[in-house]
Amino acid sequence: MPRGKRKPEQQDAQQAQQRRRRAQPKRSTSEEEIKSISESLSERLIQALGLDLIGLKAVDIKDIVYSIVGSLAESRSSKLTEEAAMKRIVAMKDNLFKTIAASLLSSGRPLTREQLEFIVAYAPEIAGRAAPYLYREAVRLRADDIIGSLRALWSQYGRPTPVECPRCGFRAVTPDLTCIVCGAQLSEGELKRHLNFASLLQGLASRLHPRLVEEIISAGYVVLDDDVRPPSMAPGRASQ
């Protein structure tokens, strides 16, 4: 059966309803509301996430929280409530912690041991790249246990070289015998002793052609993957 035409009064009612919907203001979150929610959440998050245990206060995270709350408000067509924002931030706390770790590093202020542990635990990639700075902080704090973790993170996320520094233990010695991490200027003799070069050379003599051994002795040597090789056997990334 064909549909009957709508009565004029029905069409008028539907059009009036559509006009009312369009006329209703969107329930967006104002700038003042975003600021108010951010200030309140900064206080709450310090306690809820244990950030007070690493010496942080609400003022230390207020800019980070404001940025997050602003992004949450922009992504919603309805008004953002404080509780909704709190739940979202707590659910994404790992990202929050990583941002806080980066903020601690960029602040330029001396770190506490708790803050150093926080950065290593929650932002390992950042810690690996910032290992030279964090190493100096760990030495100042006498946090030898954290230095061990930094060595592993440097090897994974930093700029490791084939040669381990005899002073700090990081694989960070450059071709000019400078350590990227601790800044030590090494002598060739110190590096040879650390590598137990004499023993390595004896081992090489038993498995390399005598001509290559002569090259190592006369023309220099290359350390690569805990091994000693003559320059002619080293790839481009080797370190003399």
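Which helices are included in what covers the buried residues of H2? They include helix H3 (58–74) and helix H4 (82–91).

## Basis

This is a predicted model, in which local features need pLDDT of at least 70, side-chain atom pairs count only at pLDDT 80 or more, and totals for chains, interfaces and linings use all residues. Residues are numbered from 1 along each chain as its sequence is written, and side-chain values use heavy atoms, with hydrogens and water left out.

## Helix H2

H2 spans residues 31–48; helices are DSSP runs (H or I, at least four residues) numbered from the N terminus. Its 18 residues reach 25 Å from first C-alpha to last, close to the expected 26 Å (1.5 Å times one less than the number of residues).

Ile34, Ile37, Ser38, Leu41, Ser42, Leu45 and Ile46 of H2 are buried (under 20% relative accessible area, 1.4 Å probe, protein chains only; exposed is over 50%, partly exposed in between). Just after H2, Gly50 has a positive phi of about 70°.

## Cysteines

There are 0 disulfides (pairs of cysteine sulfur atoms within 2.5 Å). For Cys179, the nearest cysteine sulfur is that of Cys168, 3.5 Å away; Cys179 is buried, at 2% relative accessibility. For Cys182, the nearest is that of Cys179, 3.6 Å away; Cys182 is partly exposed at 29%.

Terms used. Helices (H or I, at least four residues) and strands (E, at least two) are DSSP runs, numbered from the N terminus. Contact means heavy atoms within 4.5 Å.
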